[in-house]
Amino acid sequence: MPPTKSCEVAVVFFCLFLIVNCKFLTLDHIQPKVGDEEQARAVSGLLRRLLGNRSTEFIVSVNRSLSNDSLDVCELRSAKNNKIVATGSTGVALASGIYNYLKYFCNCHVSWSGNQLAVPSPLPQLNDVLRINTPHRFRYYQNVCTVSYSFVWWDWPRWEKEIDWMALNGINLPLAFTGQEALWQEVYRALGLNESELEEFFSGPAFLAWNRMANMDKFGGPLPQSWHVNQLYLQFKILERMRAFGMIPVLPAFSGNVPRGILRLYPKANVTRLGPWAHFNCSFSCSYILDPRDPLFLQIGTLYLSEVVKQFGTDHIYNTDTFNEMTPPSSDPTYLSAVSRSVFASMTAVDPNAIWLMQGWLFFSDQTFWKPPQIQALLHGVPLGRMIVLDLFAEADPVFTYTESFYGQPFIWCMLNNFGGNNGFFGTIESINSGPFKALHFPNSTLVGIGMTPEGIEQNPVIYELMSELAWRKEPVNLAKWVSLYAVRRYGGMNDNLTAAWKLLFTSVYNCTIAGYVNHNHSPLVRRPSFRMRTDLWYDPAELFEAWRLFMEAAPSFMSKETFQYDLVDVTRQVLQVLTSSFYQDIADAFANKKMPELLTVGGVLVYDLLPELNRLLSSNQNFLLGTWLERAQSKALNEREAQLYDMNARNQVTLWGPSGEILDYANKQWGGLIEDYYAQRWGLFVQMLVECLDRGLPYKQDTFNQAVFQVEQGFIYNGRKYPTKPQGDTYEIAHRIFLKYYPQAMKRLQQMDKWKKTLPSPPSHDCPSASANRYCPDIY
């Protein structure tokens with residue numbers, strides 16, 4: 001029987017539906033905004049900044065037709081006059097391909113902690129065309145917290161350096177959240193909110209990440225008008241440069257977080273006040289959330305996104321996160337689908353081509369609530385292909401494995417690796433070396449990229465170099481071989497001791513294999529002293545100590561390299577961190593056994609030698625200075641009042657994290673100046689109180705100590721001291737002196753430390769019902 005006319009029409013419409021939706025399912029409509037020539041010019045500029053006059057030895061071009069499937073590719077070949085001709089499908093592909101050549105043919109290296117750019121002359125020849133391509137459509141970068149823990153005080157030169165680093169490492173999907181408060185200010189003013197209502201809504205600069213996520217408000221504020229102007233200026237430059245490389249910046253959208261003043265203007269609005277977040281009370285928490293199903297949500301969401309697109313342009317991908325570390329009011333799948341449908345509608349009302357990028361952290365952080373029906377309902381409120389989910393902590397607990405690849409929505413496999421921007425060696429190299437490939441070959445996989453989502457950066461550069469390189473690999477790397485070549489690149493030459501040292505680090509401290517382990521530095525060094533502190537290790541400290549010895553042996557020949565200077569400080573810092581745990585155990589044992597001489601001896605060594613030596617070591621390197629963090633903060637100020645506000649924000653974030661230590665030491669740092677005036681002062685007070693208790697025959701009371709030490713902690717925030725912004729002292733002399741004193745101690749203490757590996761505790765769980773909340777639980781004091 002021949003088909004009817006209506007059937008033919010239906011078939012045509014169905015085909016058109018498939019064509020339109022296939023575009024979204026493949027995300028092919030997401031393309032660089034600028035042309036090939038402009039992207040090539042951006043890469044030429046990068047090479048000039050990186051290589052100076054040697055940049056002219058690279059002939060670069062961008063030709064998007066080099067790729068026929070939206071997957072980036074770069075081709076390099078040798079030309080006459082010892083030049084390299086490089087062509088990429090995008091500016092990012094071109095920069096990444098050239099960096100691959102610089103790494104593997106020139107033994108060069110670029111990192112946050114220094115560069116090693118002894119480029120051979122002439123440039124090494126390529127015998128054939130070198131083709132470098134990626135199986136991943138997107139290479140994502142940033143966590144919504146990174147903007148506060150790392151980027152908050154940056155100026156344009158630092159941003160320029162970071163965007164160069166992104167391009168070299170293949171990042172094409174970066175978060176671009178700077179300056180959004182200026183737009184919110186305009187939107188809320190247009191709606192009728194007054195200045196006092198805005199001032200009580202925005203937090204201070206160092207805490208804006210959590211203000212945006214509806215976790216907190218007001219604390220550290222009010223935001224000066226000059227802040228908004230400065231951040232807008234930065235955002236315009238950031239977006240221009242990102243797009244010049246062919247990147248796709250991810251812009252912010254509306255999540256439902258509103259100022260309290262909205263209730264004055266719209267008393268009938270469906271607004272829910274949340275409970276307290278972390279350990280804050282409602283003075284600075286208990287945010288107001290507008291129900292996405294309320295018509296006002298669409299009104300505010302479209303007003304805001306219209307302003308975003310007007311000011312910043314668009315690349316069609318937007319981020320917003322509903323229910324971040326907060327439990328939805330209902331677990332009804334119908335409700336959850338309606339919520340995500342409404343949030344997405346506020347995007348498509350402004351941009352019909354919108355894609356919602358959502359952090360998948362909520363599914364990990366509150367697994368009691370987010371069961372398969374709830375997850376599927378939230379995800380399926382958005383058409384398939386119109387949402388990209390970040391599997392945020394996939395190296396430790398991949399969500400895609402128990403959600404059937406996010407029930408059909410595209411996702412990005414991400415390595416989180418760092419919480420709070422803490423210092424301290426950490427990595428999960430076996431997991432990150434295999435995880436992306438497992439995701440790629442997962443049944444019915446919807447993987448569209450891999451990403452790096454650290455809460456803070458500028459530590460553990462080896463992990464980020466490995467992770468970014470894996471985006472261009474077809475299979476896992478040989479880790480021993482890879483790290484051996486890394487050592488050559490990082491220091492500009494082969495050295496057996498350094499190769500051996502890095503292999504030891506890769507098999508120990510950088511290879512945490514404990515399921516779900518959260519890298520949040522709980523070392524007694526950087527935590528408020530008590531008798532309930534964690535000393536567990538996931539690695540054998542003997543391998544760390546041997547790596548230290550090998551570094552010290554190699555030091556005389558490599559001290560001219562800034563990368564080596566950094567690593568010598570960093571490995572020595574890690575050793576002293578471990579030794580602090582051992583001294584803490586001795587202090588606890590001496591007090592428990594009422595041995596005053598031992599308590600005085602071990603406490604005295606820790607407080608009056610080890611910690612001062614650590615402070616001197618850190619102060620000898622530009623990358624470990626408290627003064628730099630504070631100077632950058634104060635540089636944003638136009639007057640003394642603003643300088644004091646920014647200084648308080650900067651100091652509070654890395655110490656008390658709240659007015660009364662609500663998230664105490666979460667963002668701990670090991671910096672010269674901070675060791676001396678914060679951590680060492682606490683330990684001195686702790687030992688002093690223990691000595692007094694033994695001397696008087698009194699029991700130790702933690703509450704009494706907490707009250708006293710809080711005065712020390714708060715005093716640091718307001719001490720007004722200026723800290724050095726330039727390195728002081730000779731790194732090698734200081735490290736060598738520490739080695740001579742503490743290496744024998746370290747070897748003697750190995751037997752004690754061996755017990756720590758066998759007693760790995762779970763994180764404290766008082767008042768902490770979820771995995772997410774555990775991150776904010778202080779050690780039990």
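Colleague: Which residue is the bridge partner of Arg 273 in E12?

Modeller: The model is a predicted one, and in it strand E11 is joined to strand E12 (residues 288–290) by three bridges, the two strands running antiparallel. Within that pairing, the residue of E12 that is the bridge partner of Arg 273 is Tyr 288.

Colleague: In what order do the strands of that open sheet of three stand?

Modeller: The pairing in this sheet is antiparallel. Strand E10 (257–258) and strand E11 (271–273) are its edge strands, and each of them pairs on one side only.

Colleague: Which strands stand at the edges of the four-stranded open sheet, and why is one side of each left without a neighbour?

Modeller: The four strands follow the order E1-E3-E2-E6 with mixed pairing, and the twist from one strand to the next averages 15°. A strand that has a single partner strand is left without a neighbour in the sheet on one side, and this is so for the two edge strands, E1 (58–62) and E6 (130–133).

Colleague: How many bridges pair E2 with E3?

Modeller: Leu 76 has Ala 86 as its bridge partner in E3, while Cys 74 stands opposite Gly 88 in E3. The hairpin of these two strands has five residues between them, and Asn 81 there takes a positive phi near 65°. Strand E2 (residues 73–78) and strand E3 (residues 84–88) pair in the antiparallel sense, and the number of bridges is five.

Colleague: Which residue of E6 is the bridge partner of Glu 75?

Modeller: E2 also pairs with E6, in the antiparallel sense and over four bridges. In E6, the bridge partner of Glu 75 is Arg 131.

Colleague: Which helix lies across E1, E2, E3 and E6?

Modeller: The helix in question runs at about 150° to E1 and covers residues 91–104. Its name is H3.

Colleague: How do the residues of the contact of H6 with H9 divide?

Modeller: On the side of H6, Glu 181, Ala 182, Leu 183, Gln 185 and Arg 189 take part, and they meet Gln 225, His 228 and Leu 232 in H9. By residue class, this contact divides into three nonpolar, three polar and two charged.

Colleague: Is Arg 573 buried or exposed?

Modeller: Arg 573 is found in helix H21 (residues 562–592), where its side chain makes a polar contact of 2.8 Å with the side chain of Asp 570. Beyond residues up to four places away in sequence, Arg 573 touches several residues, including Asn 423, Phe 425, Leu 614 and Gln 670. Since its relative accessibility is 0%, Arg 573 counts as buried.

Colleague: Is Pro 461, in helix H17, buried or exposed?

Modeller: Helix H17 covers residues 461–470, and among the residues that Pro 461 touches are Ser 111, Tyr 486 and Tyr 566. The relative accessibility of Pro 461 is 10%, and the limit is under 20%, so Pro 461 counts as buried.

Methods
Residues numbered from 1 in each chain as written. Predicted model: local features only at pLDDT ≥ 70, side-chain atom pairs only at ≥ 80, totals over all residues. Heavy atoms only, no water. Pairing = 2+ DSSP bridges. Axes fitted to C-alpha atoms, helices over the stretch in contact; angles between N-to-C directions. Contact = heavy atoms within 4.5 Å. Buried < 20%, exposed > 50% of the residue type's maximum accessible area, 1.4 Å probe, protein only. Polar contact = N/O pair within 3.5 Å; in protein donor to acceptor, adjacent residues only side chain to side chain. Nonpolar A, V, L, I, M, F, W, Y, C, P; charged D, E, K, R; others polar.
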